[in-house]
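Here is a friendly tour to read with the sequence and the 3D view side by side. Have the viewer ready, and pick out the residues as they come up.

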Amino acid sequence: MDLKEIQNLIKFVAKSGASEVKLETGDVKITIRTGSDEKETTVVQQVPMGGQVQPQMPVQQAPAPAPQETAAPKEEAKPTEDTSKYVTVKSPIIGTFYRKPSPDKPVFAEVGDTIKEGDVLCVIEAMKLFNEIESEVSGKIVKVLVDDSSPVEFDQPLFLVDPS
């Protein structure tokens with residue numbers, strides 16, 4: 001069994017909704033598990049003809065789809081506003097988003113504040129380093145899209161700014 005066949009099998013199992021599949025063909029044993037909250041690994045074990053067992057080799061697998069939220073956010077009740085006229089300030093790094101320089105200080109920028117290019121909007125902690133995120137546009141902050149002290153991904157939207 002080659003790598004392409006294993007990858008196709010993983011995709012098929014992920015789409016089928018099965019929680020675990022075990023496959024043995026000749027000297028190859030494959031176990032694929034999906035649907036758990038833990039990190040998922042697929043174990044491929046090849047048994048040589050001599051009868052000795054080689055160490056298991058994990059194969060990367062696509063993560064299972066995240067469970068959908070049952071409670072609808074409050075904002076969905078409002079009519080959706082046109083955000084195309086706003087500039088989105090995105091996270092340049094992965095880390096933890098903070099709106100304040102320290103817990104006892106005021107926030108860098110509130111909704112409704114007028115900002116100019118170069119103003120610090122927030123800090124993102126990555127590997128014990130606090131990186132100041134500066135605005136690349138002048139305007140008025142319309143919305144803060146991330147909660148304080150929450151993890152953010154690379155290129156995740158943080159703020160909506162009205163440049164007019």
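Let's begin with helix H1, where Ile 6, Leu 9, Ile 10 and Val 13 are buried. These four side chains cover an arc of only 100 degrees around the axis, so they sit on the same side of H1. Please keep in mind that this is a predicted model. The points below go on with the helix and then turn to strands, aromatic pairs and salt bridges.

**Helix H1**
- H1 runs over residues 3–16, which makes 14 residues.
- From its first C-alpha to its last, H1 reaches 20 Å, close to the 20 Å expected at 1.5 Å a residue.
- Gly 17 follows H1 and has a positive phi, near 90 degrees.

**The open sheet**
- An open sheet is formed by 4 strands in the order S5-S12-S10-S7, with antiparallel pairing.
- Strands S5 (87–90) and S7 (114–115) stand at the edges; each has a single partner strand, so one side of each is left without a neighbour in the sheet.
- Strand S10 (residues 139–144) pairs with S12 in the antiparallel sense, over 4 bridges.
- To see how these two strands line up, find Lys 143, which stands opposite Leu 160 in S12.
- As background, strands of a sheet pair through backbone hydrogen bonds, either parallel or antiparallel.

**The S8 and S9 hairpin**
- Strand S8 (residues 120–126) runs antiparallel to S9, and 6 bridges join the two.
- Val 120 has Glu 134 as its bridge partner in S9.
- The hairpin has 2 residues between the strands, and Met 127 takes a positive phi there, near 55 degrees.

**Aromatic pairs**
- The count of aromatic pairs comes to 2.
- In one of them, the ring centres of Phe 97 and Phe 159 are 6.0 Å apart; the planes stand at 55 degrees, so the pair is tilted.
- This pair links distant parts of the chain, with Phe 97 in strand S6 (residues 95–98) and Phe 159 in strand S12 (residues 157–162), 62 residues apart.
- Both Phe 97 and Phe 159 are buried.
- Tyr 98 and Phe 130 also form a tilted pair, at 6.1 Å centre to centre and 45 degrees between the planes.
- That pair links distant parts of the chain as well: Tyr 98 lies in strand S6 and Phe 130 in strand S9 (residues 129–134), 32 residues apart.
- Is Tyr 98 buried or partly exposed? With 23% relative accessibility, Tyr 98 counts as partly exposed, since the cut-off for buried is under 20%.

**Salt bridges**
- The count of salt bridges comes to 2.
- Glu 110 forms a salt bridge with Arg 99, and their closest N and O atoms are 3.5 Å apart.
- Glu 110 and Arg 99 both belong to the loop between S6 and S7, 11 residues apart.
- Glu 110 is partly exposed, with a relative accessible area of 37%, whereas Arg 99 is buried, with 15%.
- Asp 119 and Lys 116 meet through their side chains in a salt bridge of 3.6 Å, N to O.
- Asp 119 counts as partly exposed at 22% relative accessibility, while Lys 116 counts as exposed at 53%.

Note on methods: Residues numbered from 1 in each chain as written. Predicted model: local features only at pLDDT ≥ 70, side-chain atom pairs only at ≥ 80, totals over all residues. Heavy atoms only, no water. Phe/Tyr/Trp six-rings, centres within 6.5 Å; stacked < 30°, edge-to-face > 60°. Buried < 20%, exposed > 50% of the residue type's maximum accessible area, 1.4 Å probe, protein only. Pairing = 2+ DSSP bridges. Salt bridge = Lys/Arg side-chain N within 4 Å of Asp/Glu carboxyl O. Expected span 1.5 Å × (residues − 1). Arc of directions from axis to C-beta.
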